Amino acid sequence: MAWLLALLQTLLFIASAPLLAGWLKKVKCRLQNRRAPSLFQPYRDLRKLWRKEPIVAHPASWIFKAAPYIVLSTTVLAASIVPLIAVNLPTAKIADVVVLIGFFALGRFFLALAGMDIGTAFGGMGSSREMTVSALAEPAMLMAVFTLAMSASTTNLSVAMNYVLHTGLVLRPSFVFAMLGMMLVAVAETGRIPVDNPTTHLELTMIHEAMILEYSGRYLGMIEWASQIKLMLYGVLIVNIFFPWGIAQNFSLQALGFGALALTLKLAALTVVLGLSEVLFAKMRIFRVQEFLSFAYLLSLLGMLSHIILEVRH
Amino acid sequence: MAITELSHYQQAILLLASLIVLTSFLMLGQSRLLRLVFIFAVQGILLAITTALAADVLDSPHLYISALLTLTLKGIFIPIMLQRLILNMGLHRDMETLPNPARVMMGGTGLVVFSYYVCLPIVKLSPLITLNTIAISMAVVLLGMLLMITRRQAVAHVVGFMSIENGLFFAAVVSTYGMPMVVELGIAFDVLVAAVLFGVFFFHIRSSIDSLDVDQLNRLNEVEK
């Protein structure tokens, strides 16, 4: 029963990821006084890409064809770890946050390889940039996770959420810092605006898009879907770790329904914040990204320090 | 005391204390003077809120007066004065980029760790709840000094100096229920006078070396070379 529920939750996760992307688009269009496409437009785009025949360049090796499958499957596995609408599920128990970051790294590794596989200049440039950004973002992410782990004495997400739920509302300085650090990391890792522009058509400024420039058809659809799931993953991580209230703690239908409703509202609110920041800030120069990410690292580090200095018994 | 055993007001004091350190770090990394002054004002306002909360938690009502003084002086009056000075001297377009901001930031976190180690014996002395923040206030003092060391602009030096004063005031509030009223009024007045005097000095420095870059003061010599 619990395993079935875990499977259903993962399916719900990957099925609703395009919806979140649609909502983000809607928020941004609204803020820029444009007419927004329908909420379900990302589904239509995915369906269109799925039907098209993928075209592969001549020099492509097996890595190029395997990469979309690996990227999508690691992202789906990562999504199965994160508690979405219920805690205490069996999938969340067998893997912790470090595994989650490992899945991200594995997917990113193959995507970077695929970017270099064809041998075009833009692909290699995109891969090199992506690796630079992620090498700087990962320490910040891990430091934020460790800050959380020091409070909850665990790196397991489900147990940590339970801990936050049971201690009630505590104004922890360390959580505020870790949340801010994680938000900055999320912006960098999902390629949103101050770091990378997902809608750009100018190859020289691309990071993520430059790697997938050669993909088309079904392969492109898989990668797009994976990046939508990744965006939702970071959103769910932030809202469920720092504001877990409303998440289902038992598996009754009522609790699950309430959990889904609470999660939808929280994610919608977080997406509005993301949309606002995307509209307000301009894209940074690529050489400013390391300042941005070192600030994220600083925030996470301050979170850990403030935990040690202010929150524990001396 | 672990944080889960404290009341929400006490937790809020700890949270605000950590935000004050964050403003110190933001000041370290800020290259534009007007924004630097704005962050300084935010620090003053946070300090005033912390003091008001401490007055409630520590049950010492005279701290409300200190909070009000801090708010009017460091939150509103001095920042507005500095802002006017910057606008008058046309410095608001200047950018002072640090050669390596990440290194300065990491040095800053080193200072935070250092002040934690130094203050650890003091924290163990007393069961006072807010005493954990004494390391934070010392870190604010040290970060203010770091700000003064890393900058060349005289205005940034003044902001660093004022933020050192913020740290000292914060230490007094959280560790000893605030200083006696006479001392506090005296310090507030001193800070005000200092701010006015600095304004006068700015004009003097600028009229003698035609810039507010204090590195150029190194060239001044008593004897002709």
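Phe110(A) is buried, with a relative accessible area of 16%, where buried stands for under 20% relative accessible area, exposed for over 50% and partly exposed for values in between (1.4 Å probe, protein chains only). Phe109(A), by contrast, counts as partly exposed, because its relative accessibility is 42%. The structure is a predicted model in which local features need pLDDT of at least 70 and side-chain atom pairs count only at pLDDT 80 or more, while totals for chains, interfaces and linings use all residues. Residues are numbered from 1 along each chain as its sequence is written, chains are lettered from A in the order in which they are written, and side-chain values use heavy atoms, with hydrogens and water left out.

A search of the whole structure finds ten aromatic pairs over all chains, a pair being two rings of Phe, Tyr or Trp (its six-membered ring) with centres within 6.5 Å, classed as stacked when the planes are under 30 degrees apart, edge-to-face when over 60 and tilted otherwise. The rings of Phe109(A) and Phe110(A) form an edge-to-face pair, because their planes stand at 85°, with the centres 5.5 Å apart. Ring pairs also link Phe64(A), Tyr69(A), Tyr215(A) and Tyr219(A) into a cluster.

Tyr215(A) is also among the residues with the most contacts inside the largest nonpolar core, together with Phe25(B), Leu82(B) and Phe202(B). This core has 157 residues, a nonpolar core being a set of buried Ala, Val, Leu, Ile, Met, Phe, Trp, Tyr and Cys residues joined through side-chain atoms within 4.5 Å. Its largest share, 16 residues, comes from helix 10 (residues 217-242) of chain A, helices being DSSP runs of H or I with at least four residues, numbered from the N terminus. Beyond its neighbours within four places in sequence, Tyr215(A) is in contact (heavy atoms within 4.5 Å) with residues including Phe64(A), Ala114(A) and Ile223(A).

In chain B, Phe202(B) is one of the buried residues of helix 7, and the buried residues of this helix pack against helix 3 (62-88) and helix 6 (154-176) of chain B. Helix 7 of chain B is followed by Asp210(B), whose phi is positive, near 65°.

Helix 5 of chain B is mostly covered, with twelve of its 17 residues buried, among them Ile134(B), Val140(B) and Leu147(B). The buried residues of helix 5 of chain B pack against helix 12 (289-311) of chain A, as well as helix 1 (8-29), helix 2 (33-57), helix 4 (101-125) and helix 6 of chain B.

Conventions:
Helices (H or I, at least four residues) and strands (E, at least two) are DSSP runs, numbered from the N terminus.
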